[in-house]
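Please look at the sequence and the 3D view, then read on.

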Amino acid sequence: MIKLLIDNIPVEVPEGTNVLEAARSVGIIIPHFCWHPALGRAGACRACAVKMLEGPVKGLQMSCMLPVQEGMVVSTSDKEALAMRKGVIEWLMINHPHDCPVCDEGGECQLQDFTIAGGHSIRRYDGKKRTYRNQYLGERIEHEMNRCIQCYRCVRFYQEYAGSSDFGVMGRAAMVYFGRQCDGPLESPFSGNLVDICPTGVFTDKSARFRARYWDYDMAPSLCPHCSLGCNTIPAARYRELLKVIARRNDSVNGWFICDRGRFSNSPVNAPDRPRQALLDGTPVSLSQALDALAERLRTFLDLNGPDSLGIVGSPRMSLEGNLLAARLRELTGSGTLCYFGDAVREERTMAALHLLDSRLRASQEDVRKADLVAILGCDLLEEGPMMALAVRQAWRNGARVFRIDGNGGQSDLYPSAELSSLADAPFSEAKNPVVICGSLHKGSDEIPNMPAGAKLAFVLEGPNDLGCALLARERGAVSLPTALESGRIKGLICFEADIPADMIAGLQLLAAADWKSTAAVRAAGIVLPSTAWIEMDGTLINNEGRAQRFKKVMNPGLPIRGLDPAKHPPRVHRHDAPGGDVLPAWALMAGLIERLGGERIDQPLSGNWEALRGLNAEGGGEIVL
Amino acid sequence: VVTFDEYCSEGGFRALRKALSEMSPLDVQQAVIDSGLRGRGGAGFPTGKKWSFVPRDLPGPRYLICNGDEMEPGTYKDRFLLEHNPYLLIEGLALACYALGVEHAYIFIRRGYEQACENIRQGIAQARRTGLLGENISGSGFSLELDLHQSAGRYICGEETALMNALEGKRANPRVKPPFPAIKGLWGQPTVVNNVETLSNIPAIIANGPAWWKGLAATPEAAGTKLFCPSGHLALSGCLELPLGTTLGAIIDGPCGGMRPGSSFKACIPGGASTPFFTKQHWDVPMDFDPVAKAGSRLGTGGIIVFDQETCMVGVTLNLIRFYARESCGWCTPCREGLPFVRQILERIEQGRGEHGDIEILREHVQLLSYAFCALAPGAMGPLEGLLRLFEDEIREHITAKRCPFKKS
């Protein structure tokens, strides 16, 4: 640890920290544009000037470029440093269009913040401003080059961090241009991060264009549900519509970024025609009526057919809370069958993965980023978990060697790799921090014995709660749905957010489905219970690493205002809830059913072995539960 | 052009043969240290000392780059050497490579120097044919490959780290220092970058000994000779080799034959466009690194641009700032945005739209641009600093009269 003094505050930070970060650690934010924790130093913007008063380095210095040294005495508010900062801001504002009122970045703009902080207020330049032509960069990202302050973050992220080359910097001097050779969609599967890292409004999210200011948004710490990695996000919604998703920092998981699949897959949540109305044999009823009817039909069904004929189906895309109550519902009904996976192969592989993860050192995304040898077992990371591919790229950038085994595809421009026929051929003995990554479609069991004990293992699974379901399946004795149906005893199913092929649910006496997506089960069910999407509720997911993470409710459920065309406009009557808002989280639907069937009242779905997770902090980075 | 045979008959490659047969690499380095040779590219860093920073025990190759990207306005000495005597440079390069244990060197030449490139290309071919380049030179066991790279053509490519990026096929932005090129340079390997003129001095140092070479200077403090490139309102101009330490006045009144008829000396740029002006008060300053620095400017490249009494110094400075604003690589804010701001202010002063407050803005820029990423912007502030220090009255005259006093009509 290195000790230094910043603005008379004693600071102690690890060696290798720069002065800017050291100041940040005690709450002093030095204005900066080009420096970014994940991209490192560039020294381009010159805004972070500080005055070094005593110690090994003297005079005005750029704090992002200066590693801390013992005995440094730093002033962030020295006259000279302030003059430099003011000068830099003045230069940046010479050509900035100052179009904040019509800029989507307004209110969440680093340039605005630091312009105020820098103290530049009166314009002295009276010449013409430089202007550029914008480019069409696809349907996701808006390009407005006139706002650019040339911090080079975009190109450093795009080319260096994310490894794509279709976007870059061109030209020179005051005319440098950040864009593509010609108009066209950005090719990188991580392009959306340009929106997050641009310190001003050059890259903005088209889906949120002109829709809201930062302070208008409903926002909360959340998780990405689109693969198993559990990347941290901040969804931003307004008027019951998810407008954009921002990456949320979690150093152990996604770091600072997310992939485009996670960022730009908003439409199912906003779909006006997603299940929002409880249905009883096709007739709209209130959610409460639907639950009453389901309890009634269930009693009759059980009397008639016996408990063995009922299956309760949870899902790897449902929260841990829901899947846990599914097990309780099975217990209460005495039903013989609890299922979490609609696919026998997926269940088998996920259970095998859980078994292997139990006996091995587990690798987080951060472990992958810091690995010096990465061996990928038969999976296409960009397809199965794009952020894992980005993590492998960071390892490669730091000098790691990357190997593919049993690779059906999986080759990537992100990281040059060599193909091996067996994991045993990988030079583990030469590596200090080796990591093996195994895909969800690969059992791994043939190759994992070839992995040395010191190596860490990561599985890339399919859904956001696959591992949670595997844990519950082991704890509560669940089987896959096809296995359950094979016996021929099942005559009724209650499905919660379950993706089941239509042929498995044909000819049942009783079918009820709770979901926010229009699945085959919802379309076929006699009783439809609309549930909330993840951004409309609190919950817990267990990612591929066995990390339990909490997501918080972002917005109230209901029809987005934008979804209400005049013909569908609701009658103007007073009501307490929003139109389309008579929905509940899947776990609450189960709690309602349990209570109606004579069970206990459940306010806290996490109980038993899982009670410890009740206090899980959504912003605490998560907790390993394996 | 000096032909190969002419060069050899005048003692060419004698120094290389001597070094390979009689001297160890460290002997050669020591001779260069003893000679007091300072870099001729503009910064004047002692050459032998620069060489001594190169670690000799790191794995992998070391590189030497000859910087022939001569783009400093008012400077044409490297062009003269490259076009007239390519073998002198090739021999100097070979000696430097021998001293540093370099087996692959590059000559990086300015885009526009077509003739120079052609001559060097032929020189390299000839040297290779005669066994002075390539494998096992003169049976000494020392091998050297020499490649010519013609720049894509930007001023910033002359900055040594930008030059290395350009050679690697990247954008010619300067790199972060440290690590310095001597430790981590071209392709991450230890690299020395030396100017054409610097390297061209080495054969003479080795052939005749460092003491002889050092003694060529005009003053005891200076070492060797220097190429000067006088231009402007002089009776005669051309590339001159003069003892280092010759006074400014002696250069102008001597080989340059004084000013043009009807002209009188007002000011000059002493060492290429990025150096602060000299005026009549600097007439007797010895043109050597330290005395020129003491007098408030820099010897730089030795490109002396002379202005007569009819010259508007605001206009001169504006012209230079336009060059630098255009040649900024665009990496850091002070250079990319600050230089156009300075240009705009000088334009409005020159056009009679200036205000007295503008002088303060210019002063701020001289101060703040010293904190740019590389030396381009601070260099660009050289003439502006000189203008503010020596010609403030002339600026105020523009502002008060609302016109340039030197413009007729």
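## A buried leucine in chain A

A:Leu223 has a relative accessible area of 2%, so it is buried. The model is predicted. This leucine sits in strand β11 of chain A, which covers residues 222–223.

Which residues does A:Leu223 touch, leaving out those up to four places away in sequence? Among them are A:Gly230, A:Cys231, A:Asn232 and A:Thr233. A:Arg248 is also touched. Further along the chain come A:Trp534, A:Leu541, A:Gln549, A:Arg550 and A:Phe551. Another pair gives a sense of distance. A:Leu223 and A:Cys469 are 246 residues apart along the chain, and their C-alpha atoms are separated by 17 Å.

## Chain A as a whole

Chain A has 17 helices and 29 strands. Its radius of gyration is 27 Å. The globule rule gives 25 Å for 626 residues, which is close, so chain A is as compact as a globular protein of that length. Along the principal axes, the C-alpha atoms of chain A fill a box of roughly 85 × 70 × 50 Å.

How much of chain A is buried? The share is 60% of the 626 residues. Now take the contacts in chain A with a separation of 6 or more. Of these, 67% are between residues 24 or more positions apart.

## Chain B as a whole

Chain B has 17 helices and ten strands. A compact globule of 409 residues would have a radius of gyration near 22 Å. Chain B has 22 Å, so the value agrees with the rule. The box filled by the C-alpha atoms of chain B is roughly 75 × 45 × 35 Å, taken along the principal axes.

Of the 409 residues of chain B, 60% count as buried. Contacts tell us about the fold too. Among those in chain B between residues at least 6 apart in sequence, 70% join residues at least 24 apart.

Chain B exposes about 15,300 Å². Carbon and sulfur atoms make up 53% of this surface. What about charge? Chain B has 42 positive side chains and 44 negative ones. The centres of the two sets lie 4 Å apart.

## Cysteines without partners

A disulfide is a covalent bond between the sulfur atoms of two cysteines. How many disulfides does the structure hold over all chains? The count is zero. A:Cys151 is one cysteine that is in no disulfide. The nearest cysteine sulfur belongs to A:Cys198, and it is 6.2 Å away. A:Cys151 counts as buried because its relative accessibility is 7%.

## Two cis peptide bonds

Chain B has a stretch worth checking in the 3D view. The peptide bond from B:Lys177 to B:Pro178 is cis, with omega near -10°. The peptide bond from B:Pro178 to B:Pro179 is cis as well, with omega near 0°.

Where is B:Pro178? This proline is in the loop between α8 (160–167) and β4 (191–195) of chain B. B:Pro179 also lies in the loop between α8 and β4.

## Positive phi values

B:Phe13 is not a glycine, yet its phi is positive, near 65°. B:Phe13 is in the loop between α1 (4–9) and α2 (14–22) of chain B. Is B:Phe13 buried or exposed? With a relative accessibility of 0%, B:Phe13 counts as buried.

B:Lys402 is another residue other than glycine with a positive phi, near 55°. B:Lys402 is found in the segment after α17 (392–401) of chain B. Its relative accessibility is 59%, so B:Lys402 counts as exposed.

Technical notes. Residues numbered from 1 in each chain as written. Chains lettered and ligands numbered in written order. Predicted model: local features only at pLDDT ≥ 70, side-chain atom pairs only at ≥ 80, totals over all residues. Heavy atoms only, no water. Helix = DSSP H or I, 4+ residues; strand = E, 2+ residues; numbered from the N terminus. Rg over C-alpha atoms; globule rule 2.2 N^0.38 Å. Buried < 20%, exposed > 50% of the residue type's maximum accessible area, 1.4 Å probe, protein only. Contact = heavy atoms within 4.5 Å. Areas by Shrake-Rupley, 256 points an atom, 1.4 Å probe, with all protein chains shown as cover. Lys, Arg positive; Asp, Glu negative; His and termini not counted. Charge placed at Lys NZ, Arg CZ, Asp CG, Glu CD. Disulfide = S-S within 2.5 Å.
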